[in-house]
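Here is a walk through one structure, taken a piece at a time. Have the sequence and the 3D view open as you read.

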Amino acid sequence: MTIKKTSLLRRKQAITSIAIALAALGLAYAPLPGLEQTVAIVSGTELQAPLQELATKFEQNNPNIKIELKFQGSQDIVNNYIDQKTEPKPTILIPASAEFLDELRQRYTTQNNKEPFIESPQPIAKTLLVGVAWLERGKVLFPNGRFSWQRVEQAMQASNWQAIGGQKDWGSFDFMMTDPSRSNSGQVTLSLWSLSKFGGDNPNNANFSNPTVSSLFGTIKRSVYQPPRSTDILLQEFITRGPNDADVATVYESLALSRWQQSSKNQGKPYQIYYLDPTIETIATAAILRQDVDAATASAAKSFISYIREPEQQKVFVQHGFRPAINGVNLQGVANSPWNQNVPGVEVNPSVKAVPVPKAQVQAEIQRIWQRAN
(Lines give C-alpha, C1' and ligand atoms only; values in the text may rest on other atoms or scores of the structure.)
Protein backbone atom coordinates (compact mmCIF):
# COMPACT_ATOMS: atom_id res chain seq x y z
CA MET A 1 0.00 0.00 0.00
CA THR A 2 2.85 2.34 0.84
CA ILE A 3 4.51 1.57 -2.51
CA LYS A 4 1.31 2.49 -4.37
CA LYS A 5 1.02 5.81 -2.50
CA THR A 6 4.65 6.65 -3.20
CA SER A 7 4.21 5.89 -6.91
CA LEU A 8 1.07 8.04 -7.07
CA LEU A 9 2.83 10.89 -5.28
CA ARG A 10 5.75 10.76 -7.69
CA ARG A 11 3.37 10.79 -10.65
CA LYS A 12 1.58 13.87 -9.29
CA GLN A 13 4.92 15.61 -8.73
CA ALA A 14 5.99 14.84 -12.30
CA ILE A 15 2.74 16.22 -13.70
CA THR A 16 3.10 19.35 -11.56
CA SER A 17 6.70 19.85 -12.76
CA ILE A 18 5.62 19.54 -16.40
CA ALA A 19 2.79 22.03 -15.85
CA ILE A 20 5.19 24.52 -14.24
CA ALA A 21 7.65 24.10 -17.10
CA LEU A 22 4.95 24.68 -19.71
CA ALA A 23 3.69 27.74 -17.84
CA ALA A 24 7.20 29.14 -17.67
CA LEU A 25 7.66 28.53 -21.38
CA GLY A 26 4.39 30.30 -22.08
CA LEU A 27 5.42 33.29 -20.01
CA ALA A 28 8.71 33.46 -21.84
CA TYR A 29 6.97 33.92 -25.19
CA ALA A 30 3.80 35.74 -24.21
CA PRO A 31 3.64 39.53 -23.75
CA LEU A 32 4.10 40.46 -20.14
CA PRO A 33 1.48 42.86 -18.73
CA GLY A 34 2.86 46.37 -18.51
CA LEU A 35 5.90 45.60 -20.69
CA GLU A 36 4.22 45.89 -24.11
CA GLN A 37 5.55 48.81 -26.14
CA THR A 38 3.27 50.70 -28.53
CA VAL A 39 4.94 52.36 -31.51
CA ALA A 40 2.60 54.90 -33.13
CA ILE A 41 3.52 55.63 -36.74
CA VAL A 42 2.14 58.42 -38.95
CA SER A 43 2.98 57.78 -42.60
CA GLY A 44 2.16 59.08 -46.05
CA THR A 45 -0.83 57.26 -47.58
CA GLU A 46 1.28 55.87 -50.43
CA LEU A 47 2.92 53.49 -47.91
CA GLN A 48 -0.30 52.18 -46.42
CA ALA A 49 -0.44 48.73 -48.06
CA PRO A 50 3.18 47.64 -47.50
CA LEU A 51 3.38 49.07 -43.97
CA GLN A 52 0.19 47.28 -42.89
CA GLU A 53 1.56 43.99 -44.20
CA LEU A 54 4.97 44.49 -42.59
CA ALA A 55 3.53 45.67 -39.26
CA THR A 56 1.53 42.45 -38.96
CA LYS A 57 4.60 40.30 -39.60
CA PHE A 58 6.71 42.36 -37.19
CA GLU A 59 4.14 42.00 -34.39
CA GLN A 60 4.05 38.23 -34.90
CA ASN A 61 7.83 38.11 -34.40
CA ASN A 62 7.81 40.68 -31.59
CA PRO A 63 4.73 40.02 -29.41
CA ASN A 64 5.77 42.68 -26.88
CA ILE A 65 5.64 45.45 -29.50
CA LYS A 66 2.40 46.80 -30.94
CA ILE A 67 2.46 48.92 -34.12
CA GLU A 68 -0.26 51.54 -34.56
CA LEU A 69 -0.51 53.04 -38.06
CA LYS A 70 -2.10 56.27 -39.20
CA PHE A 71 -1.94 57.72 -42.73
CA GLN A 72 -2.04 61.33 -43.93
CA GLY A 73 -0.80 63.53 -46.75
CA SER A 74 2.87 64.41 -46.19
CA GLN A 75 2.32 68.13 -45.66
CA ASP A 76 -0.49 67.29 -43.23
CA ILE A 77 1.96 65.09 -41.30
CA VAL A 78 4.23 68.08 -40.72
CA ASN A 79 1.50 70.63 -40.01
CA ASN A 80 -0.47 68.37 -37.67
CA TYR A 81 2.61 67.46 -35.64
CA ILE A 82 3.76 71.07 -35.29
CA ASP A 83 0.21 72.12 -34.34
CA GLN A 84 -0.07 69.15 -31.91
CA LYS A 85 -3.12 67.76 -33.70
CA THR A 86 -1.86 64.19 -34.07
CA GLU A 87 -3.42 61.59 -31.77
CA PRO A 88 -2.16 59.29 -30.46
CA LYS A 89 1.19 60.97 -29.92
CA PRO A 90 3.44 59.65 -32.70
CA THR A 91 6.66 57.75 -32.22
CA ILE A 92 7.72 57.69 -35.88
CA LEU A 93 6.91 59.95 -38.82
CA ILE A 94 7.34 58.69 -42.41
CA PRO A 95 6.46 61.40 -44.95
CA ALA A 96 6.99 60.88 -48.68
CA SER A 97 10.27 62.77 -48.69
CA ALA A 98 13.10 63.69 -46.31
CA GLU A 99 12.54 67.34 -47.19
CA PHE A 100 9.34 67.31 -45.11
CA LEU A 101 11.40 66.20 -42.13
CA ASP A 102 13.79 69.08 -42.82
CA GLU A 103 10.83 71.45 -42.78
CA LEU A 104 9.58 69.94 -39.54
CA ARG A 105 13.03 70.23 -37.97
CA GLN A 106 13.27 73.92 -38.90
CA ARG A 107 9.82 74.77 -37.58
CA TYR A 108 10.13 72.66 -34.43
CA THR A 109 13.59 73.99 -33.57
CA THR A 110 12.39 77.57 -34.01
CA GLN A 111 9.50 76.97 -31.60
CA ASN A 112 11.23 74.73 -29.04
CA ASN A 113 14.95 75.43 -29.43
CA LYS A 114 15.81 71.72 -29.53
CA GLU A 115 16.21 68.85 -32.00
CA PRO A 116 12.95 66.94 -32.72
CA PHE A 117 14.51 63.60 -33.72
CA ILE A 118 16.36 61.04 -31.62
CA GLU A 119 18.72 60.08 -34.47
CA SER A 120 19.26 60.65 -38.19
CA PRO A 121 16.20 59.76 -40.30
CA GLN A 122 16.44 56.54 -42.34
CA PRO A 123 15.29 56.00 -45.97
CA ILE A 124 12.54 53.38 -46.27
CA ALA A 125 11.53 53.15 -49.94
CA LYS A 126 11.79 55.11 -53.19
CA THR A 127 9.44 56.06 -55.98
CA LEU A 128 9.09 58.48 -58.90
CA LEU A 129 6.39 60.92 -59.90
CA VAL A 130 4.75 59.71 -63.12
CA GLY A 131 1.79 60.57 -65.30
CA VAL A 132 -1.10 58.18 -65.96
CA ALA A 133 -3.66 58.42 -68.76
CA TRP A 134 -6.28 56.13 -70.25
CA LEU A 135 -4.82 54.47 -73.33
CA GLU A 136 -6.78 56.16 -76.13
CA ARG A 137 -6.63 59.55 -74.41
CA GLY A 138 -2.88 59.27 -73.94
CA LYS A 139 -2.33 58.49 -77.62
CA VAL A 140 -4.07 61.73 -78.59
CA LEU A 141 -2.52 63.93 -75.91
CA PHE A 142 1.01 62.50 -76.21
CA PRO A 143 1.30 61.36 -79.85
CA ASN A 144 5.05 60.69 -79.53
CA GLY A 145 4.52 58.55 -76.44
CA ARG A 146 6.25 61.04 -74.11
CA PHE A 147 4.59 63.04 -71.36
CA SER A 148 4.43 66.79 -72.10
CA TRP A 149 3.49 69.54 -69.63
CA GLN A 150 2.92 71.86 -72.58
CA ARG A 151 0.34 69.51 -74.09
CA VAL A 152 -1.46 69.18 -70.76
CA GLU A 153 -1.57 72.96 -70.39
CA GLN A 154 -2.89 73.35 -73.95
CA ALA A 155 -5.61 70.82 -73.19
CA MET A 156 -6.55 72.73 -70.04
CA GLN A 157 -6.78 75.99 -71.95
CA ALA A 158 -8.84 74.37 -74.72
CA SER A 159 -10.99 72.72 -72.01
CA ASN A 160 -12.33 70.00 -74.34
CA TRP A 161 -10.89 67.03 -76.20
CA GLN A 162 -12.25 67.89 -79.63
CA ALA A 163 -10.17 71.09 -79.71
CA ILE A 164 -6.93 69.09 -79.32
CA GLY A 165 -7.71 66.24 -81.70
CA GLY A 166 -9.86 63.99 -79.51
CA GLN A 167 -13.35 62.73 -80.14
CA LYS A 168 -16.30 65.03 -79.55
CA ASP A 169 -18.02 62.62 -77.18
CA TRP A 170 -14.97 62.60 -74.89
CA GLY A 171 -16.24 65.91 -73.54
CA SER A 172 -14.13 68.11 -71.28
CA PHE A 173 -10.47 67.55 -70.50
CA ASP A 174 -10.09 66.51 -66.86
CA PHE A 175 -6.70 66.59 -65.14
CA MET A 176 -6.13 65.39 -61.58
CA MET A 177 -3.43 66.13 -59.01
CA THR A 178 -3.35 66.24 -55.22
CA ASP A 179 -3.79 69.37 -53.14
CA PRO A 180 -0.27 70.94 -52.95
CA SER A 181 -1.11 72.50 -49.60
CA ARG A 182 -1.47 68.99 -48.14
CA SER A 183 0.39 66.50 -50.33
CA ASN A 184 3.92 65.98 -51.62
CA SER A 185 2.91 64.77 -55.10
CA GLY A 186 0.92 67.97 -55.68
CA GLN A 187 3.93 70.08 -54.71
CA VAL A 188 6.25 68.02 -56.94
CA THR A 189 3.77 68.32 -59.83
CA LEU A 190 3.79 72.12 -59.63
CA SER A 191 7.56 72.18 -59.17
CA LEU A 192 8.24 70.16 -62.33
CA TRP A 193 5.58 72.02 -64.29
CA SER A 194 7.15 75.35 -63.34
CA LEU A 195 10.60 74.02 -64.22
CA SER A 196 9.33 73.16 -67.71
CA LYS A 197 8.62 76.85 -68.23
CA PHE A 198 12.17 77.98 -67.52
CA GLY A 199 14.31 74.97 -68.35
CA GLY A 200 17.32 73.99 -66.25
CA ASP A 201 17.76 70.94 -64.09
CA ASN A 202 17.00 72.13 -60.57
CA PRO A 203 13.52 73.17 -59.40
CA ASN A 204 15.12 74.96 -56.47
CA ASN A 205 16.48 77.51 -58.94
CA ALA A 206 13.16 78.15 -60.73
CA ASN A 207 11.95 81.74 -60.56
CA PHE A 208 8.68 81.32 -58.68
CA SER A 209 8.26 85.10 -58.48
CA ASN A 210 7.88 85.25 -62.27
CA PRO A 211 4.29 86.19 -63.31
CA THR A 212 4.38 83.23 -65.69
CA VAL A 213 4.30 80.88 -62.68
CA SER A 214 1.33 82.57 -61.01
CA SER A 215 -0.50 82.53 -64.36
CA LEU A 216 0.24 78.81 -64.76
CA PHE A 217 -0.94 78.05 -61.22
CA GLY A 218 -4.16 79.98 -61.92
CA THR A 219 -4.81 77.91 -65.06
CA ILE A 220 -4.25 74.68 -63.15
CA LYS A 221 -6.32 75.71 -60.14
CA ARG A 222 -9.30 76.63 -62.34
CA SER A 223 -9.05 73.26 -64.09
CA VAL A 224 -8.56 70.98 -61.08
CA TYR A 225 -11.77 70.54 -59.10
CA GLN A 226 -11.36 69.79 -55.38
CA PRO A 227 -7.91 68.14 -55.51
CA PRO A 228 -7.67 65.17 -53.10
CA ARG A 229 -5.59 65.41 -49.93
CA SER A 230 -3.40 62.40 -50.74
CA THR A 231 -2.06 60.50 -53.76
CA ASP A 232 -3.64 57.14 -53.02
CA ILE A 233 -7.07 58.74 -52.65
CA LEU A 234 -6.47 60.55 -55.95
CA LEU A 235 -5.66 57.35 -57.85
CA GLN A 236 -8.67 55.53 -56.43
CA GLU A 237 -10.88 58.40 -57.58
CA PHE A 238 -9.17 58.43 -60.99
CA ILE A 239 -9.93 54.71 -61.46
CA THR A 240 -13.51 54.99 -60.21
CA ARG A 241 -14.37 58.02 -62.35
CA GLY A 242 -12.65 56.71 -65.48
CA PRO A 243 -12.50 58.41 -68.93
CA ASN A 244 -14.73 61.47 -69.44
CA ASP A 245 -14.45 62.37 -65.74
CA ALA A 246 -10.72 61.75 -65.17
CA ASP A 247 -8.33 61.68 -68.13
CA VAL A 248 -4.77 62.37 -66.92
CA ALA A 249 -3.20 62.48 -63.45
CA THR A 250 0.18 62.75 -61.75
CA VAL A 251 0.80 60.05 -59.14
CA TYR A 252 3.60 57.98 -57.68
CA GLU A 253 4.95 55.14 -59.79
CA SER A 254 4.45 52.83 -56.79
CA LEU A 255 0.71 53.49 -56.66
CA ALA A 256 0.34 53.38 -60.44
CA LEU A 257 1.90 49.91 -60.42
CA SER A 258 0.06 48.56 -57.39
CA ARG A 259 -3.39 49.66 -58.63
CA TRP A 260 -3.15 49.04 -62.40
CA GLN A 261 -5.00 45.70 -62.17
CA GLN A 262 -7.82 47.51 -60.38
CA SER A 263 -8.01 50.01 -63.26
CA SER A 264 -8.28 47.17 -65.78
CA LYS A 265 -11.02 45.48 -63.77
CA ASN A 266 -13.06 48.66 -63.18
CA GLN A 267 -12.73 50.25 -66.62
CA GLY A 268 -12.18 47.21 -68.85
CA LYS A 269 -8.61 48.26 -69.66
CA PRO A 270 -5.68 49.63 -67.66
CA TYR A 271 -4.19 53.08 -67.81
CA GLN A 272 -0.83 53.87 -69.40
CA ILE A 273 2.14 55.00 -67.30
CA TYR A 274 4.19 57.94 -68.63
CA TYR A 275 7.57 58.82 -67.13
CA LEU A 276 8.12 62.53 -66.66
CA ASP A 277 11.36 63.97 -68.02
CA PRO A 278 12.78 65.35 -65.88
CA THR A 279 11.21 63.64 -62.90
CA ILE A 280 11.75 63.74 -59.16
CA GLU A 281 12.59 60.69 -57.08
CA THR A 282 11.04 60.88 -53.65
CA ILE A 283 12.46 58.81 -50.82
CA ALA A 284 10.05 57.96 -48.01
CA THR A 285 12.07 58.57 -44.84
CA ALA A 286 11.43 57.56 -41.23
CA ALA A 287 12.33 59.65 -38.18
CA ILE A 288 11.95 58.70 -34.50
CA LEU A 289 10.61 61.61 -32.50
CA ARG A 290 12.06 62.78 -29.20
CA GLN A 291 8.99 64.40 -27.66
CA ASP A 292 6.81 62.09 -25.53
CA VAL A 293 8.89 59.02 -26.49
CA ASP A 294 10.59 57.09 -23.66
CA ALA A 295 13.73 54.98 -24.03
CA ALA A 296 11.91 51.64 -24.29
CA THR A 297 9.53 52.90 -26.98
CA ALA A 298 12.43 54.46 -28.88
CA SER A 299 14.23 51.11 -28.79
CA ALA A 300 11.14 49.36 -30.17
CA ALA A 301 10.87 52.00 -32.89
CA LYS A 302 14.50 51.45 -33.91
CA SER A 303 13.83 47.73 -34.15
CA PHE A 304 10.90 48.29 -36.50
CA ILE A 305 12.82 50.65 -38.77
CA SER A 306 15.75 48.24 -38.93
CA TYR A 307 13.33 45.42 -39.73
CA ILE A 308 11.65 47.13 -42.70
CA ARG A 309 15.04 48.09 -44.15
CA GLU A 310 16.18 44.46 -44.32
CA PRO A 311 16.31 42.85 -47.81
CA GLU A 312 13.34 40.50 -47.25
CA GLN A 313 11.11 43.36 -46.11
CA GLN A 314 12.35 45.61 -48.91
CA LYS A 315 11.02 42.96 -51.31
CA VAL A 316 7.56 43.59 -49.88
CA PHE A 317 7.88 47.25 -50.86
CA VAL A 318 8.89 46.14 -54.38
CA GLN A 319 5.79 43.95 -54.59
CA HIS A 320 3.78 47.10 -53.89
CA GLY A 321 5.50 49.07 -56.66
CA PHE A 322 8.28 50.81 -54.71
CA ARG A 323 11.95 50.84 -55.56
CA PRO A 324 14.15 49.59 -52.68
CA ALA A 325 15.97 51.97 -50.36
CA ILE A 326 18.95 49.60 -50.08
CA ASN A 327 21.26 48.03 -52.64
CA GLY A 328 21.10 44.41 -53.72
CA VAL A 329 17.35 43.99 -54.36
CA ASN A 330 16.56 43.24 -58.02
CA LEU A 331 13.21 44.66 -59.16
CA GLN A 332 12.54 41.82 -61.57
CA GLY A 333 13.94 39.14 -59.28
CA VAL A 334 11.27 39.63 -56.60
CA ALA A 335 8.30 37.24 -56.63
CA ASN A 336 5.11 38.93 -57.89
CA SER A 337 7.04 42.02 -58.92
CA PRO A 338 4.85 44.46 -60.89
CA TRP A 339 7.84 45.03 -63.18
CA ASN A 340 7.18 41.52 -64.55
CA GLN A 341 3.45 42.00 -65.26
CA ASN A 342 3.46 43.90 -68.56
CA VAL A 343 2.03 47.08 -67.10
CA PRO A 344 1.59 49.51 -70.04
CA GLY A 345 4.49 51.97 -70.11
CA VAL A 346 6.41 50.60 -67.13
CA GLU A 347 10.23 50.66 -67.29
CA VAL A 348 12.80 49.18 -64.93
CA ASN A 349 15.33 51.86 -65.88
CA PRO A 350 13.42 54.76 -67.46
CA SER A 351 15.56 56.94 -69.71
CA VAL A 352 14.67 60.15 -67.87
CA LYS A 353 16.65 62.56 -65.74
CA ALA A 354 15.97 62.87 -62.02
CA VAL A 355 16.28 66.38 -60.58
CA PRO A 356 16.60 67.41 -56.91
CA VAL A 357 13.61 67.36 -54.62
CA PRO A 358 12.27 70.88 -53.86
CA LYS A 359 13.68 72.21 -50.61
CA ALA A 360 11.42 73.24 -47.74
CA GLN A 361 11.60 76.92 -48.71
CA VAL A 362 10.54 76.12 -52.29
CA GLN A 363 7.69 73.92 -51.06
CA ALA A 364 6.47 76.80 -48.88
CA GLU A 365 6.63 79.20 -51.84
CA ILE A 366 4.68 76.77 -54.04
CA GLN A 367 1.97 76.56 -51.38
CA ARG A 368 1.84 80.35 -51.05
CA ILE A 369 1.45 80.93 -54.80
CA TRP A 370 -1.12 78.14 -55.08
CA GLN A 371 -3.26 79.58 -52.28
CA ARG A 372 -3.23 83.03 -53.92
CA ALA A 373 -3.87 81.78 -57.45
CA ASN A 374 -7.28 82.36 -58.96
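Let's start with Phe-58, which is buried at a relative accessible area of 2%. Buried here means under 20% relative accessible area, exposed means over 50%, and partly exposed is in between (1.4 Å probe, protein chains only). Phe-58 sits in helix H2, residues 48–61. Helices (H or I, at least four residues) and strands (E, at least two) are DSSP runs, numbered from the N terminus. What does Phe-58 touch, not counting residues up to four places away in sequence? The answer is Ile-65, Ile-67, Ala-300, Ser-303, Phe-304 and Tyr-307, where a contact means heavy atoms within 4.5 Å. Ser-303 is 245 residues from Phe-58 along the chain, yet their C-alpha atoms are separated by 9.4 Å.

A word on the background: this is a predicted model, where local features need pLDDT of at least 70 and side-chain atom pairs count only at pLDDT 80 or more, while totals for chains, interfaces and linings use all residues. Residues are numbered from 1 along each chain as its sequence is written, and side-chain values use heavy atoms, with hydrogens and water left out.

**The whole chain**

Zooming out, the protein chain has 14 helices and 9 strands. Its C-alpha trace spans about 105 × 55 × 35 Å along the principal axes. Of the 374 residues, 50% are buried. Take the contacts with a separation of 6 or more: residues 24 or more positions apart account for 75% of them.

**Another buried spot**

Tyr-307 turns up again as a neighbour of Gln-313, which also touches Leu-54 and Ile-308, leaving out residues up to four places away in sequence. Gln-313 belongs to helix H13, residues 311–319. Is Gln-313 buried or exposed? With a relative accessible area of 9%, Gln-313 is buried.

**Helix H3 and what follows**

Now look at H3, which spans 74–82. How many of the residues of H3 are buried? The count is 9 of 9, so H3 is mostly covered. The buried residues run from Ser-74, Gln-75 and Asp-76 through Ile-77, Val-78 and Asn-79 to Asn-80, Tyr-81 and Ile-82. They pack against strand S1 (37–44), strand S2 (65–72), S3, helix H4 (98–112), H7 and helix H14 (360–372).

Just after H3, Gln-84 takes a positive phi of about 55°. Gln-84 lies in the loop between H3 and S3 and counts as exposed at 55% relative accessibility. Ser-159 is another non-glycine with a positive phi, about 70°. Its loop runs between helix H6 (149–158) and strand S5 (175–176), and at 40% relative accessibility Ser-159 counts as partly exposed.

| Residues joined | Omega |
|---|---|
| Glu-87 and Pro-88 | about -5° |
| Asp-277 and Pro-278 | about 5° |

Pro-88 is in the loop between helix H3 and strand S3 (92–94). Pro-278 is in the loop between strand S7 (271–275) and strand S8 (281–288).

**H7 against H8**

Two packed helices are described by the angle between their axes and the distance between the axes. For helix H7 (residues 184–198) and helix H8 (residues 211–223), the angle is about 130° and the axes are 10 Å apart. Axes are lines fitted to C-alpha atoms, for helices over the stretch in contact, and angles run from 0 to 180 degrees between N-to-C directions. H7 and H8 are therefore oblique to each other: angles under 35 degrees count as roughly parallel, over 145 as roughly antiparallel, 65 to 115 as roughly perpendicular and the rest as oblique.

Which residues meet? On the H7 side they are Leu-190, Trp-193, Ser-194, Lys-197 and Phe-198, and on the H8 side Thr-212, Val-213, Leu-216, Phe-217 and Ile-220.

The loop between H7 and H8 holds Ser-209, which counts as exposed at 61% relative accessibility. The side chain of Ser-209 makes a polar contact with the side chain of Asn-207 at 2.5 Å. A polar contact is a pair of N or O atoms within 3.5 Å; within protein, one must be able to donate a hydrogen and the other to accept it, and residues adjacent in sequence count only if both atoms are side-chain atoms. Ser-209 and Glu-365 are 156 residues apart along the chain, with their C-alpha atoms separated by 9.0 Å.
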